[in-house]
Amino acid sequence: MKKIFLVAVICMFSSALFAQLSSPINFGLHAGLVSTKTDADTGSFADVKEKADNGMMIGAFLRVNLNKWYLQPELNYVSRKSQLEVLGESYDIKTKSLDIPILLGYKIVKLPAFKLRAFAGPVASFKIDDSFKSTLGEVDEDFNGAVWNAKVGAGVDVWKLTLDVDYEFGLSDVSSEFLKKNKMVNVTLGFKIF
C-alpha cells in the first residue's frame, strides 16, 4: 500500500513539475489558400473589373505564448494570382513572394485542448517572381521588390491543429506603375510540432 501511495505522489509531483517546465513556445507548419484581388490605377479608363483569384501559401510559424497573449512570427512562401479586365482585355497577375508576418494575438477562449484566438500585425513581403500577362502577351510592369501589408484575423486551435482565417490588405503599392494595393483573404490549416 505504501508503495502505491509513493508512486502516486511521485507521479503527481512529476506531472506538476512537467507542467511548470513545459515550453511556452510552439513551432508548427501550415499551408492554405490565398484569394487575392489587386487594385489598379487605370487613369481615365472607367471600364475596369478587378477579379480575385486563388493562390496558395506554405510556411512555418513560431508562437511565443505569454498567458492569454502571444507573439507569432512566420516565414511563408506565397503564390498569389488575380485578374483585371480593361476594356474587354483580360490581364493575369501572378506574384511569388517570401512573406514575414509578425502577429500579436490574444486567446479569447483558452482551454487545455481548445483555443479561440484573434490576431493582427504587419507583413513584410519580398518578391521572388512576378508576371503581368494579357491575352496578347507579357506586359511590362515595374513590380516593387518589397511591399508592406497588414493582417487581422481569427483562429482556433484543437489539440495540435490550427485553423486561421484572416484578411490581409496592402499598406504599400505592388508596383510603381499600374498596379496598386493587394487585398487578400487567407485560410490556413496548420499542425503544431511542439
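Strand β7, residues 146-158, pairs with β8 in the antiparallel sense, and the pairing runs over 10 bridges. The model in which this is seen is a predicted one.

Within β9, V185 is the bridge partner of Y167.

In a regular strand, side chains alternate between the two faces of the sheet. Strand β8 covers residues 161-170 and has one covered face and one uncovered face. The covered face consists of T162, D164, D166, E168 and G170. The uncovered face consists of L161, L163, V165, Y167 and F169.

## The chain as a whole

The protein chain contains one helix and nine strands. Along the sequence, their order follows the pattern α-β-β-β-β-β-β-β-β-β. The chain has 194 residues, and 35% of them count as buried. The accessible surface comes to about 11100 Å², and carbon and sulfur atoms account for 68% of that surface.

How much of the contact set joins residues at least 24 apart, among contacts between residues at least 6 apart in sequence? The share is 64%.

## Burial of selected residues

| Residue | Relative accessible area | Class |
|---|---|---|
| T36 | 1% | buried |
| Q72 | 2% | buried |
| K151 | 8% | buried |
| F191 | 36% | partly exposed |
| W69 | 46% | partly exposed |
| W159 | 60% | exposed |

W69 belongs to strand β3, which spans residues 69-86. Apart from neighbours within four places in sequence, W69 is in contact with V64, L104, G105, Y106 and K107. The C-alpha atoms of W69 and A118 are separated by 9.7 Å, although the two residues are 49 residues apart along the chain.

Q72 is also found in strand β3. Is Q72 buried or exposed? Its relative accessibility is 2%, and because buried means under 20%, Q72 falls in the buried class. Leaving out neighbours within four places in sequence, the contacts of Q72 are F61, L62, R63, P101, I102 and L103. With R63, the side chain of Q72 makes a polar contact, side chain to side chain, at 2.8 Å. R63 also lies over the face of Y70, at 5.0 Å from the ring centre.

## T36 in strand β1

T36 lies in strand β1, residues 25-40. T36 is buried, with a relative accessible area of 1%. Not counting residues up to four places away in sequence, T36 touches K51, A52, D53, R80, K81, S82, N182, K183 and M184.

## K151 in strand β7

K151 lies in strand β7, the strand that pairs with β8. K151 is buried, at a relative accessible area of 8%.

Residues up to four places away in sequence aside, K151 touches L103, F119, A120, G121, V123, D166, Y167, E168 and N186. The C-alpha atoms of K151 and K183 are separated by 9.8 Å, and the two residues are 32 residues apart along the chain.

## An aromatic pair

The structure holds four aromatic pairs. One of them joins W159 and F191 in an edge-to-face arrangement, with 6.2 Å centre to centre and 65° between the planes. W159 lies in the loop between β7 and β8 and F191 lies in strand β9, so the pair ties together parts that are 32 residues apart in sequence. Of these two residues, W159 is exposed at 60% relative accessible area, whereas F191 is partly exposed at 36%.

Technical notes:
Residues numbered from 1 in each chain as written. Predicted model: local features only at pLDDT ≥ 70, side-chain atom pairs only at ≥ 80, totals over all residues. Heavy atoms only, no water. Buried < 20%, exposed > 50% of the residue type's maximum accessible area, 1.4 Å probe, protein only. Helix = DSSP H or I, 4+ residues; strand = E, 2+ residues; numbered from the N terminus. Pairing = 2+ DSSP bridges. Contact = heavy atoms within 4.5 Å. Areas by Shrake-Rupley, 256 points an atom, 1.4 Å probe, with all protein chains shown as cover. Polar contact = N/O pair within 3.5 Å; in protein donor to acceptor, adjacent residues only side chain to side chain. Phe/Tyr/Trp six-rings, centres within 6.5 Å; stacked < 30°, edge-to-face > 60°. Lys NZ or Arg CZ within 6 Å of the ring centre and 35° of its normal.
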